[in-house]
Amino acid sequence: MKRFYLRWGGVLVIGVIICLFGLARYQREVSHIPIEKFLDEKPTRAVRVLGMVVGGSLNRGGAGEPIQFTLSGTGAQVPVYYQGEDPENLRELKKLVIYGRWNPEEQRIESETILGVPNYGFVSWAYLVTLIPMTLFLFNMERKVALLYIMIKEEKVYQSEESA
Amino acid sequence: MILNRFIRWLGRYEGWFGGGAALCIGIGLYMGLVTSPPDYYQGEVVRIMYVHVPSAKTSLFAYLVLFIGSIWYLWKRDPVIDNMCHATAGIALFYVGTALLTGSIWAKPTWNTWWTWDPRLTSFAILFLTLVGYLMLRTFLDDKEKEATFAAILAIIGFIDLPIVYFSVEWWRTLHQPMSMSVRGISFAPEMLTPLILMSIGSSLLFSYMLMVRTQMLYLERLLEAKQGRLLSETRL
């Protein structure tokens, strides 16, 4: 049984390490903050901000010109100055994630990247939801096999009928 | 006899199957969660594919094993094969359940619903219910031989659903997307294909390993039952 628990301990450690890597990548590349939090902190480093493009605020300049619009959260709004390719999903009343930094002089977010799709972060966690039952199922089976061997040994199953 | 010999031969490499599965799934999960890029349209949601597709494919393979095993049992009446079929059904149920669950999690952000009566989804749910029925049947009867025969017949009848599951996306215009990997070609970016292949290999190896462990477990349970029964009768005498 000692080897069995050691083996499963190893599986658990590897699983936790993969989860930690996944979490680190999620926080580094996917997670975003709401506009209210962004305005509280006003970070000058680049962060991802989730909000909706306010109707009537989208102002597309000419080709290659910066695009300006207002992004709104539940109780706050912030102007966005975006310079980059005109993405197809940049529309009024559309929820977007803007990757940019706060410009304290202009009092706006300056961005060069618009992320197309909201992140649905729960999907990453769904990995765990679906893999944990499968792992427990296997763990339980292996444990049962190990215990059955012990029980059968105690019951002397392999002893012949004559000598029993 | 041939199948028995094959099972025994496979049993010798049990550890290799388990180790291989752990390695492939470990690397596949790392790549799927950390290094593979998000999809242009689906974003992060696409990552569920690395669990969903291998689970769905393995569950179909598992049912195919159950089907072949059931025919073999009805032909040869070999209790070892019956044990294997019983074990396969339990594992297949887990795989089908995982595929349904992950599909549902994927469907919510993509189709804006957890469930829809789409032909692929419905036929997969029927597969799930067939396996539940199979496992329930295995607990109803006292006569082990009758139980095995009826279960084998049910598994063979249930096999009708398998081609429906597989070809449903081709036969009907469904909400579920068509096959991304078929004889017509592969429509995947290489950065996504590598973790998907690793997870698929890992999932198949894990199924084989689980099958060996579960068959062993069911055999040992029967052995213990038989021994305890013998000891009990000796005590009574």
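In chain B, 74% of the contacts with a separation of 6 or more are between residues 24 or more positions apart, where contact means heavy atoms within 4.5 Å. This is a predicted model, where local features need pLDDT of at least 70, side-chain atom pairs count only at pLDDT 80 or more, and totals for chains, interfaces and linings use all residues. Residues are numbered from 1 along each chain as its sequence is written, chains are lettered from A and ligands numbered from 1 in the order in which they are written, and side-chain values use heavy atoms, with hydrogens and water left out.

Chain B has 237 residues, and 51% of them count as buried (under 20% relative accessible area, with a 1.4 Å probe and protein chains only). Its C-alpha trace spans about 75 × 35 × 30 Å along the principal axes. You'll find eight helices and two strands in chain B, in the order α-α-α-α-α-α-α-β-β-α. Helices (H or I, at least four residues) and strands (E, at least two) are DSSP runs, numbered from the N terminus.

Axes here are lines fitted to C-alpha atoms, for helices over the stretch in contact, and angles run from 0 to 180 degrees between N-to-C directions.

| Helix pair | Axes come within | Crossing angle |
|---|---|---|
| α3(B) (residues 49-76) and α6(B) (residues 144-158) | 9 Å | roughly 130° |
| α4(B) (residues 79-111) and α5(B) (residues 119-140) | 9 Å | roughly 150° |

The second pair's angle makes α4(B) roughly antiparallel to α5(B) (over 145 degrees). Their crossing is left-handed, that is, the near helix is turned anticlockwise from the far one by less than a right angle. Among the residues that meet are B:W111 in α4(B) and B:F124 in α5(B). The residues of this contact divide into 17 nonpolar, three polar and two charged. Ala, Val, Leu, Ile, Met, Phe, Trp, Tyr, Cys and Pro count as nonpolar, Asp, Glu, Lys and Arg as charged, and the others, Gly among them, as polar.

The crossing of α3(B) and α6(B) is left-handed too. Their contact has twelve nonpolar, three polar and one charged residues.

Chain A brings in some strands. There, β2(A) (residues 47-53) and β6(A) (residues 95-103) pair antiparallel over six bridges; pairing takes at least two DSSP bridges. A:M52 has A:K95 as its bridge partner in β6(A). Seven bridges join β6(A) to the antiparallel β7(A) (residues 108-115), and A:R101 stands opposite A:E110. β6(A) and β7(A) form a hairpin with four residues between them, and A:Q107 in the turn has a positive phi of about 55°.

Key: Parallel < 35°, antiparallel > 145°, perpendicular 65-115°, else oblique. Buried < 20%, exposed > 50% of the residue type's maximum accessible area, 1.4 Å probe, protein only.
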